[in-house]
Amino acid sequence: MKKAILLNENDNVATLLDDVSTGEELRITDVRNNTVNVVHPAEAIPRGHKIALVQITQGEDIIKYGFVIGCATVDIKIFQYVHIHNLASLRGRGDLV
Amino acid sequence: MNIKMYKRENCSYGIRNRIAVISTVACVNHIVQSIAAQVSLADAYTHAYGCDQLGADGELSFECLRLMGTHPNNGAVLVVGLGCEEIIPEELYNAIKAEQPNTEYMVMQEVGGTTETIEKGVEICRHFEKLLSGMERVEVPVSNLTIGLECGGSDFTSGIASNPSLGIFAERLCAMGGKIVFGETTELMGAEAIIKKLCDNDQIYDFISSRINKIEKTAIDMKVDLRGTQPSAGNIEGGLSTIEEKSLGAVCKIGRNKIIDAIEFGQRAVKNGVTFVDTPGNDIACSLGLCAAGAQLIIFTTGRGTPMGFAAAPMIKVTANSAIAGIMKENIDIDLSEIISGKLSVIGGGDIVFDKVISTVNGHETCSEKLGHREFSLYRISPILT
């Protein structure tokens with residue numbers, strides 16, 4: 001089965017260790033390789049990229065490694081693909097000035 | 001645990017015994033490269049500068065070249081200058097010779113044309129080769145090691161597998177009394193909460209956070225979005241969406257060690273444990289900063305793959321990206337992709353790194369050394385004004 005890794009129990013995203021297609025079975029594991037959940041991605045996601053584990057509202061923090069890595073720029077549905085199209089950095093944003 | 005190193009006159013210890021052929025100015029780069037190409041023990045330290053440099057920028061370049069000349073991996077030095085540049089060859093020679101007696105210099109405008117200058121340089125280096133061939137390593141404790149930790153071409157595997165493995169290694173080396181140096185200041189932006197916990201005192205945290213904030217302020221003053229350079233397009237393609245995400249993965253490489261000191265670019269690390277060096281994220285500039293701080297070896301994690309080495313120190317390349325470990329296997333020393341597939345633990349990865357460091361220290365060449373990658377550059381801190 002395809003795998004994704006949840007790096008910290010407080011994270012709301014997991015990182016894909018394999019490419020996945022829409023609806024494919026995906027095992028979410030923790031850092032000790034224990035299964036946390038089996039889910040079905042809402043869309044295709046490439047290896048190394050992220051999947052939302054919960055519904056995330058626009059403006060809400062995205063958490064990975066137990067820390068904020070940015071915020072959602074739009075509402076993100078559960079098991080959707082999370083990357084630069086819907087996740088924005090909060091740092092070094094001279095473009096917003 | 002003991003290892004075998006070369007003892008230098010200034011009481012530092014090196015893991016290689018090389019000849020540094022150093023350009024004082026870009027104009028003589030071809031001369032320096034041609035000399036080094038004919039002498040197997042020699043490395044060319046060429047760069048685009050040495051002239052038209054003012055104030056602190058010029059001073060930093062001089063100091064970095066001095067630190068390369070006195071680097072413990074070098075057993076002999078030849079300074080090559082033109083004769084009208086701002087980094088004065090005789091001054092650099094004197095500064096290096098104060099710590100490294102096997103130092104010579106030549107000024108092209110006093111020697112002759114290209115052919116004659118190259119010939120004279122090769123002759124000097126042949127004499128150095130004879131000197132160095134007689135040198136023996138001595139047995140010393142592992143605590144004499146200063147190891148630089150760096151990441152480049154990062155992707156999602158860096159923060160999950162390769163950097164955490166380096167963290168395990170770093171914890172082990174520090175427990176044995178060794179030094180770790182790391183930098184890439186921009187790539188700590190977003191990881192301040194972790195950094196704060198690891199800093200031994202407020203002064204160190206203030207130093208680091210002020211340097212991070214300075215970079216952020218520069219981006220804001222320039223009205224640019226840091227994304228696209230930090231993270232780079234390659235990082236983004238590799239799964240890293242923001243600098244925060246990249247930084248949280250990058251900081252794993254120092255493990256849970258306390259950061260016991262923080263120094264400027266061009267300063268030497270003096271305390272056992274982890275020292276932060278204020279370097280850019282740019283790979284060659286960072287390597288210079290870490291070697292200037294005294295790193296005898298650099299461990300470099302990469303997700304996207306990079307062949308680069310560095311003139312002053314061997315570089316061990318680590319990846320956990322199985323595709324790159326295959327495509328660029330000629331350039332990769334350690335493949336930790338089994339951590340991603342679940343067959344290897346991060347602790348196991350750390351042990352593999354440790355063993356590789358010891359064998360490299362004792363003389364085993366890294367891939368980048370075998371392939372002749374000895375990149376070098378200086379680090380400019382002001383624009384070219386003249």
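These legends describe close-up views of a predicted model.

**View 1. The largest nonpolar core.** This core holds 67 residues. B:Ile147, B:Ile208, B:Ile259 and B:Ile299 touch the most other members. Helix H6 of chain B, residues 156-175, supplies the largest share of the core, with eight residues. A second core is separate and has 28 residues. Among them are B:Ile87, B:Leu288, B:Ile298 and B:Phe376.

**View 2. The surroundings of B:Ile299.** Neighbours within four places in sequence are left aside here. B:Ile299 is in contact with B:Ile147, B:Gly148, B:Leu149 and B:Glu150, among others. Its contacts also include B:Leu166 and B:Phe169. Further contacts of B:Ile299 are B:Ile316, B:Val318, B:Val353 and B:Val357.

**View 3. Helix H6 of chain B, end to end.** How far apart are the end C-alpha atoms of H6(B)? They are 29 Å apart. At 1.5 Å a residue, the 20 residues of H6(B) should span 28 Å, so the two values agree. A kink of about 35° lies at B:Asn163. B:Gly177 follows H6(B) and has a positive phi, near 95°.

**View 4. H6(B) within the structure.** Is H6(B) largely enclosed or largely open? Buried means under 20% relative accessible area. By that cut-off, 17 of the 20 residues of H6(B) are buried, so the helix is largely enclosed by the rest of the structure.

**View 5. The largest pocket.** About 1200 Å³ of space lies in this pocket. Its lining has 34 residues. Nearest the centre of the pocket lie A:Val31, B:Ile160, B:Pro164, B:Cys252 and B:Val346. Which elements each supply at least two lining residues? Strand E1 (2-5) of chain A is one of them. The others are H6, helix H7 (192-198), helix H13 (337-340) and helix H14 (346-361) of chain B. H6(B) gives the most to the pocket lining, with six residues.

View 6. Rolling a probe the size of a water molecule over the atoms shows where empty space is left. How many cavities of 30 Å³ or more does a search of the whole structure find? It finds three. The largest cavity has a volume of about 50 Å³. It is lined by 13 residues. B:Ser154, B:Ser158, B:Lys246, B:Gly249 and B:Ala250 lie nearest its centre. H6 and helix H10 (243-250) of chain B are the elements that give two or more residues to this lining. H10(B) gives the most, with four residues.

Key: Residues are numbered from 1 along each chain as its sequence is written. Chains are lettered from A and ligands numbered from 1 in the order in which they are written. This is a predicted model: local features need pLDDT of at least 70, side-chain atom pairs count only at pLDDT 80 or more; totals for chains, interfaces and linings use all residues. Side-chain values use heavy atoms; hydrogens and water are left out. A nonpolar core is a set of buried Ala, Val, Leu, Ile, Met, Phe, Trp, Tyr and Cys residues joined through side-chain atoms within 4.5 Å. Buried means under 20% relative accessible area, exposed over 50%, partly exposed in between (1.4 Å probe, protein chains only). Contact means heavy atoms within 4.5 Å. The expected span of a helix is 1.5 Å times one less than its number of residues. The bend at a residue is the angle between axes fitted to the seven residues ending there and the seven starting there. On a 1 Å grid over the protein atoms alone, a cavity is a set of points where a 1.4 Å probe fits but cannot get out, and a pocket is an open set with protein on both sides within 12 Å along at least five of seven lines; lining residues have an atom within 4 Å of a point. Grid points are joined across faces, edges and corners, and a volume is the space filled by probe spheres set on the points.
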